[in-house]
Amino acid sequence: MTTQTSVIYVISDALGETAEFVSRAAAAQFIGVKTRIRRVPYVRDQTHLEDIMEEAAAEQAILVYTLVLKDLREYLESKALEKGLKTVDILGPLIGALSSQTGMDPTHTPNIIHRLDEQYFRKVEAIEFAVKYDDGKDPRGVLFADVVLIGVSRTSKTPLSMYLAHKGLKAANIPLVPEVDPPEELFSISPRKVIGLTLRPELLNQIRTERLKTLGLGATADYANLDRIMRELEYARGIMKRIGCPIIDATGKAVEETASIVLEILFKGDRNG
């Protein structure tokens with residue numbers, strides 16, 4: 001019994017993994033047929049497609065493709081018709097159906113799913129970074145951060161770091177305490193990467209008092225003492241002025257609002273805070 005052979009060319013403007021998976025699943029349905037699959041990724045122009053078509057015609061291959069650019073799909077189909085080659089469009093019919101149902105036009109962006117994957121992994125990496133370099137755990141993180149948040153305790157540095165991490169930014173935060181010198185790394189980076197956070201003393205006093213209660217400690221502790229808070233804020237503002245970084249008064253602002261100001265400073269160069 002002679003073994004039949006079939007050749008499939010998988011043509012894609014991205015990696016072509018989806019089309020190859022579908023091709024292998026289809027080929028597995030035919031016992032005794034030897035199927036050779038050749039994947040051709042990142043096809044973005046007609047010249048490249050023309051070369052592939054010549055090779056495919058020599059082998060009378062089936063063309064399985066995932067091309068989102070309409071002109072490339074049409075070019076492939078017309079050339080395949082000329083050469084008598086069978087074609088299978090994996091994405092086209094579904095894109096058309098979705099467009100018809102939603103009334104929206106597709107973006108026709110090649111490799112978009114992998115771009116989304118990159119965004120996801122960038123966010124995960126940023127979250128891991130924020131956790132690792134939270135609260136001055138390792139000052140070396142300052143050197144690798146996209147943004148460094150500084151301020152006295154309870155000025156929302158950690159929540160803001162995590163929020164920015166979900167936006168894909170690597171955020172480190174450093175607490176400013178009068179008894180502890182800030183890390184030297186803080187003065188070796190561009191002040192444009194540093195954001196100072198402050199709150200009104202009365203609000204900070206209230207927040208710290210509530211924090212002590214949740215810890216089962218007395219509200220009279222020095223941590224929540226208003227005079228102590230005033231000294232801390234004055235010390236912190238001195239450090240911020242020494243660095244030359246913008247300062248945001250987060251009083252009355254939700255984390256999202258403060259984050260919006262941070263992003264504006266970072267990406268629009270707004271130095272007024």
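I take a salt bridge to be a side-chain nitrogen of Lys or Arg within 4 Å of a carboxyl oxygen of Asp or Glu. I am working on a predicted model.

Entry 1. I looked up Glu82 and Lys79 and found their side chains joined in a salt bridge, at 3.7 Å from N to O. I count the pair because 3.7 Å falls within the 4 Å limit. I placed both residues in helix 3 (residues 70–83), where they are three residues apart, about one turn of the helix. I then checked accessibility: Glu82 is exposed at 60% relative accessible area, whereas Lys79 is buried at 17%.

Entry 2. I turned to Glu20, which forms a salt bridge with Arg24, with 3.0 Å between the closest N and O atoms. I located the two in helix 1 (residues 17–27); they are four residues apart, so about one helical turn separates them. I noted Glu20 as buried, with a relative accessible area of 14%. I noted Arg24 as partly exposed, at 45% relative accessibility.

Entry 3. I looked at Asp138 and Arg140, whose side chains meet in a salt bridge at 2.8 Å, N to O. I have Asp138 as buried at 18% relative accessibility, because the cut-off for buried is under 20%. I have Arg140 as exposed, at 52%, because exposed means over 50%.

Entry 4. Which residues are linked in a network of salt bridges? I found Glu179, Arg208, Arg228 and Glu232 linked in this way.

Entry 5. How many salt bridges does the count come to? I get 14 by this rule.

How values were computed:
Residues are numbered from 1 along each chain as its sequence is written. This is a predicted model: local features need pLDDT of at least 70, side-chain atom pairs count only at pLDDT 80 or more; totals for chains, interfaces and linings use all residues. Side-chain values use heavy atoms; hydrogens and water are left out. Buried means under 20% relative accessible area, exposed over 50%, partly exposed in between (1.4 Å probe, protein chains only).
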